[in-house]
Amino acid sequence: MGSLEPNDRELAAYWMPFTHNRYFKQHHSRRMLAKAEGAYYWTTEGEKLFDALSGLWCCGLGHRHPKIVEAVKQQLDSVDYSPAFQMGYGPTFKLAERIVGMAPAGMGQVFFVNSGSEAVDTSMKMALAYHRTKGEASRTRFIGRERGYHGVGFGGISVGGMVANRKMYASAMLTGVDHLPHTYNPKEMAFTKGEPTWGAHLANELERLIALHDASTIAAVIVEPMQGSTGVIVPPKGYLERLREICTKNGILLIFDEVITGFGRMGTHFAAQHFGVTPDMITFAKGVNNGTVPMGGVIARKDLYDTLMTGPEHAVEFFHGYTYSGHPLAVAAAHATLDILATEGINERVKSLVPVLEDAAHSLKGEPNVIDIRNCQLAAAVELAPIEGKPGLRALKVFEEALKRGVLFRFTGDILAMGPPFISTPDELRRMTEVLRESIRAAG
Ligand code: PXG
């Protein structure tokens, strides 16, 4: 493989995802990684970085947990790949059963895919197929939410609510999609610790959309219980409950996109349990196997699956799936991850870290240009006032200052996000936020 430091031709050849390619290729000091272990990365320059976003929200158990490394290595000695269609591999079925067991009551089946984007598009297809099979073929509309992120498939960007991800592809969006308003209102909720008390009424907007389109045209509502990618937008108290009530009353499926919130980030298996609201489907990815091998999936209510089990028994019931659905390496990593979640008291550990992160993050109030601080279980975000005419530049500067001080944050727009590893110590969380404080001051 040669040096870990790419030469100019190599730098030029790689089209990086969701990255300022031209800037990165000129300014990648401290941004090339060479090693990962526990809560830390090491750069090619040998500098150690605390991983404040657990990779991209996926490596909560820290990097290269020995049990996961061992499971994947062992898997390579038995089955490398097993055909996903019309053939079975026992550990995949066992994994499905384990995940159903962790999910809220009423869930019955798990469909495996390879990413959050695929999970979202899969759940949308399930919703359409379900209604059609039930004899309600007119239910074709989806309701997403402003500021939502549901990956980058055409389904996901259609229900998603981030303009930059949508505008280039406007002509190719799914038709018949509408959006709930987002719930962020800085006047009402800036610097709130945890769930804001204002905003539950915004769920009633769903009733307005139903009145506009008629319930008989709506297949599903999809929301992230906590909006992660747009900077930790925390659901107002009572909001998710209200969405659930309205969906139930109108025969509309409720999908929780738990790609970030699933498998421990909320101190519970799923956000559904943390918020006490049960959707009809849960999409997941990332944390299911600690980001070790690409994997995602959809957990579906049992009667959804049962409804689709029609037609001759020798025929395929649901025309959907991926070559790598339930890839044995991903499955092995997931089993090891679930073992660790079950035996190493991870949910309790996360819960014990929540007040530490909350206090540390909110202690940044009053620092220059800090206009909001939000937190939800083991996730937090600090929002900065943009530099006039140059949105995003202030957060980029803070990000670069923090790299110099040994912490890797995630920045989007002018928001710095934190989703630290579950294995972090309280001192590491405090140090992370002190670095953020120094970096905000240094960036000016
Ligand atoms: N749904 C949600 C809720 C997500 O957060 C996806 C779907 C798409 O997953 P894939 O695996 O297709 O990327 C996501 C992904 C960030 C960040 O910085 C968030 C994601 C990905 C990368 C960065 O917040 N979320």
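Modeller: Strand 1 and strand 2 (residues 40-43) run antiparallel and are joined by 4 bridges; two strands pair if DSSP finds at least two bridges between them. Within this pairing, Glu37 lies opposite Tyr40 of strand 2. The model is predicted, so local features need pLDDT of at least 70 and side-chain atom pairs pLDDT 80 or more, while totals for chains, interfaces and linings use all residues. Residues are numbered from 1 along each chain as its sequence is written, and side-chain values use heavy atoms, without hydrogens and water.

The two strands belong to an open sheet of 4 strands, ordered 1-2-3-13, with mixed pairing. Strand 1 (33-37) and strand 13 (407-408) are at the edges with a single partner strand each, so one side of each has no neighbour in the sheet. Strands (E, at least two residues) and helices (H or I, at least four) are DSSP runs numbered from the N terminus.

Turning to the helices, helix 16 (residues 393-404) packs against helix 17 (residues 426-443) at about 125°, with the axes 8 Å apart. The axes are lines fitted to C-alpha atoms over the stretch in contact, and angles run from 0 to 180 degrees between N-to-C directions. Helix 16 and helix 17 are therefore oblique to each other (under 35 degrees is roughly parallel, over 145 roughly antiparallel, 65 to 115 roughly perpendicular, the rest oblique). Contact (heavy atoms within 4.5 Å) involves Lys397, Val398, Glu401 and Ala402 of helix 16, and Val435, Leu436, Ser439, Ile440, Ala442 and Ala443 of helix 17.
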